[in-house]
Amino acid sequence: MFVLCSDEMPFDQAKIDSNRQRFPYCVVWTPIPLLSWLFPLIGHMGIATSAGIIRDFAGPYFVSEDDMAFGKATKYWRLNPKHLRESEWDDAVRQASQEYAHRMHNLCCDNCHSHVAMALNLMKYDGSTSWNMVKLAFLILIYGKYVNFWAFVKTWLPFLIIVAVTVTLVVVFA
């Protein structure tokens with residue numbers, strides 16, 4: 001069972017501040033231009049420290065800190081580290097980031113989702129060491145919350161425009 005929590009639960013008084021892009025104990029997501037316009041469920045993922053600083057595997061041999069590769073987070077999934085000490089959470093995020101700083105990025109097999117999965121596996125989040133990119137993609141879809149209305153628009157509007165133009169062209173030229 002996945003341990004979820006509300007934004008009001010104090011994890012040492014950690015608060016989400018979307019204006020400053022601080023998401024303590026969260027998995028975050030943002031669309032990837034062009035790719036997410038065609039497939040809006042595919043995007044870029046990162047994991048935040050207990051202080052809310054986002055770490056993301058941004059490309060070959062590079063894990064960014066506090067500057068997501070494809071822009072500000074549009075969705076977040078708040079996790080509940082109630083069975084972990086703050087240092088365990090941060091150590092796992094740091095260890096995963098150090099490991100991925102020495103890896104080649106592969107869009108399909110070893111990517112930003114894999115980086116987040118490794119962090120969750122290292123900390124044994126929710127008693128599990130079977131976190132993977134597919135599971136995370138599904139869970140951010142189900143449990144992720146949009147940062148605000150405009151984040152929702154940023155995610156879905158390009159896709160809806162492409163669909164509308166395609167349908168219009170098919171109807172007009174069919």
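Arg-103 is partly exposed, at 23% relative accessible area. The cut-offs: buried is under 20%, exposed is over 50%, partly exposed is in between, with a 1.4 Å probe and protein chains only. This is a predicted model, so local features need pLDDT of at least 70 and side-chain atom pairs count only at pLDDT 80 or more, while totals for chains, interfaces and linings use all residues. Residues are numbered from 1 along each chain as its sequence is written, and side-chain values use heavy atoms, with hydrogens and water left out.

Back to Arg-103. Which residues does Arg-103 pair with in salt bridges? One is Glu-99, at 3.0 Å, N to O. Another is Asp-110, where the closest N and O atoms are 3.2 Å apart. By salt bridge I mean a side-chain nitrogen of Lys or Arg within 4 Å of a carboxyl oxygen of Asp or Glu. Glu-99 is partly exposed, at 34%. Asp-110 is buried, at 18%. Shared partners join Glu-99, Arg-103 and Asp-110 into one network.

The structure holds six salt bridges. One more of them: Arg-94 with Asp-91, closest N and O atoms 3.5 Å apart. Both sit in helix α2, residues 86–100, three residues apart, so about one helical turn separates them. Helices here are DSSP runs of H or I, at least four residues; strands are runs of E, at least two; both are numbered from the N terminus. Why does that spacing matter? An α-helix has 3.6 residues a turn, so residues three or four places apart point the same way. Arg-94 is partly exposed at 35%, and Asp-91 is partly exposed at 34%.

Next, helix α4, residues 133–143. Leu-136, Leu-139 and Ile-140 are buried there. They span an arc of only 100 degrees around the axis, so they lie on the same side of α4. That arc is taken from the directions from the helix axis to the C-beta atoms. What do the buried residues of α4 pack against? Strands β1 (26–31), β2 (43–48) and β5 (75–78), plus helix α3 (112–122). At the start of α4, a side-chain oxygen of Asn-132 comes within 3.1 Å of the backbone nitrogen of Val-134.

Val-116 lies in α3. Val-116 is buried, with 0% relative accessible area. Leaving aside neighbours within four places in sequence, Val-116 contacts Val-27, Met-45, Gly-46, Ile-47 and Leu-136. Contact means heavy atoms within 4.5 Å.

On to β1. Thr-30 is in that strand. Buried or exposed? Thr-30 is buried, at 0%. A polar atom of the Thr-30 side chain lies 2.8 Å from the backbone oxygen of Lys-72. Beyond four places in sequence, the contacts of Thr-30 include Gly-43, His-44, Phe-70 and Lys-154.

Last, the surface. Leu-34, Trp-37, Leu-38, Phe-39, Ile-42 and Ile-162 form a nonpolar patch, with about 560 Å² of accessible area together. Patch members have over 30% relative accessible area and no salt bridge; nonpolar side chains (Val, Leu, Ile, Met, Phe, Trp, Tyr) are joined within 5 Å, like charges within 9 Å. Areas come from the Shrake-Rupley method with a 1.4 Å probe, and for residues only the protein chains shown count as cover. Trp-37 sits in helix α1, residues 35–38. Trp-37 is partly exposed, at 34%.

Definitions and conventions:
A polar contact is a pair of N or O atoms within 3.5 Å; within protein, one must be able to donate a hydrogen and the other to accept it, and residues adjacent in sequence count only if both atoms are side-chain atoms.
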